Amino acid sequence: MHNWPGLIEAYRGWLPVSAKTPVITLHEGATPLIPVPSIAERIGKGVRVFVKYDGLNPTGSFKDRGMTMAISKAKEAGCEAVICASTGNTSAAAAAYARRGGMRSFVLIPDGYVAQGKLAQALIYGAEVLAIRGNFDRALDIVREAAEKYPVTLVNSTNPYRLQGQKTAAFEIVDALGYAPDWLCIPMGNAGNITAYWMGFQEYQQGVHNHKLPRMMGFQASGSAPLVYDTTVDNPNTIATAIRIGNPVNRAKAIDARNASNGAFFEVTDAEIITAYQFLSCKEGIFCEPASAASVAGLFKRKDEVPAGATVVCVLTGNGLKDPDCAINNNDAAFHTNLDPDLDTVANTMGF
Ligand code: AN7
């Protein structure tokens, strides 16, 4: 089997890098596009459904795609420290790639609203973690100002290299299918990823490929749906803490992507997110984090609008292990505890 070199080497000609750019990589990308037949069956109409399982990236989320680019370009520019605000995944990726590139990383997080796995990552990768009494949107305001005043490079998705790296997920989907899907279902928080995918599908089409462009279907959690309602949300709230964002910084670009692709934005409730999250795990053996399940929840919710015979890709942005508390608190498992340690008890409990 070929050793995948990471997305910068794989898609060098499509990215703003030169021979002088030091490539800081954990060999991210090349994530699987997995058929999900039980989801397709629920949609019916001969639809084909796949998930782009980006939770299999090195730090467990799609953020690695953007971070290999942002950190490589920061290194090229001679920067010694990076900063970001994060609901968790950006901080994990920033911390890992910064350390690999020999840089410091500062991460601002909303105190108490980052899933355990992500917090563990930021700490073990050696980030300097600043938990604020405020939400993500406030943290982003602070880091944007900090990056203007102090010698730290901002690696949130306002950094254009982030979206450049993330667009490669669209390339991989086209490479895998041989064409673009009819629908691309994706969760939205700060709306960088939907922007990056749209850029990727368009650029690839204008390059060697001659595929149709997908409809960009973006989904937000009901308690945190500023793009769906064309507003800002002061106190966003959802079980999907990754997308607990009330004032998306890429709002205008996401709206352009929706309009240009004849796409749509919809909300899904936390209950619908959890149903999809459990369905993916129990029926397909795919464990993603709750924010990621919003893409499948959205497909279920809008299934009547999917054309017969369509190909649909749902983006699973993060790994389920990121948020173990959510899994432990939201499952229908048979979990028998405090059993006597003998075969009779065990067999009896098993129903034999
Ligand atoms: C799993 O880590 O914003 O719409 O600070 O972690 O591009 O913001 C994470 C976002 C979807 C939304 N799924 O992506 C952060 C952060 C997962 C995420 C999103 C995020 P964008």
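Which residue in strand 10 stands opposite valine 51? The first legend below takes this up.

View 1. Welcome to a predicted model, in which local features need pLDDT of at least 70, side-chain atom pairs count only at pLDDT 80 or more, and totals for chains, interfaces and linings use all residues. Residues are numbered from 1 along each chain as its sequence is written, and side-chain values use heavy atoms, with hydrogens and water left out. Valine 51 faces cysteine 314 of strand 10. Helices (H or I, at least four residues) and strands (E, at least two) are DSSP runs, numbered from the N terminus. Strand 2 (residues 48-53) and strand 10 (residues 311-316) run parallel and are joined by six bridges; two strands pair if DSSP finds at least two bridges between them. With strand 1, strand 2 runs antiparallel, and three bridges link the two. Here leucine 33 has lysine 52 of strand 2 as its bridge partner. Five of the six residues of strand 2 are buried, so the strand is largely enclosed by the rest of the structure. Buried means under 20% relative accessible area, exposed over 50%, and partly exposed in between (1.4 Å probe, protein chains only).

**View 2. Threonine 168 in helix 8.** Have a look at threonine 168, which belongs to helix 8 (residues 168-177). Its relative accessible area is 0%, so threonine 168 is buried. The side chain of threonine 168 reaches the backbone oxygen of glycine 165 at 2.7 Å. Leaving aside neighbours within four places in sequence, threonine 168 is in contact (heavy atoms within 4.5 Å) with Leu7, Tyr11, Leu15 and Arg65.

**View 3. Helix 8 and the residue after it.** Eight of the ten residues of helix 8 are buried, so the rest of the structure largely encloses this helix. Among the buried residues are Phe171, Glu172, Ile173 and Leu177. Just after helix 8 comes glycine 178, with a positive phi of about 90°.

**View 4. Alanine 30 in a loop.** Alanine 30 is not a glycine, yet it has a positive phi of about 55°. You will find alanine 30 in the loop between helix 1 (7-10) and strand 1 (33-35). Alanine 30 is partly exposed because its relative accessible area is 40%.

**View 5. Asparagine 338 in a loop.** Asparagine 338, a residue other than glycine, has a positive phi near 60°. The loop that holds asparagine 338 lies between helix 13 (324-329) and helix 14 (343-350). Asparagine 338 counts as exposed because its relative accessibility is 78%.

Definitions and conventions
Polar contact = N/O pair within 3.5 Å; in protein donor to acceptor, adjacent residues only side chain to side chain.
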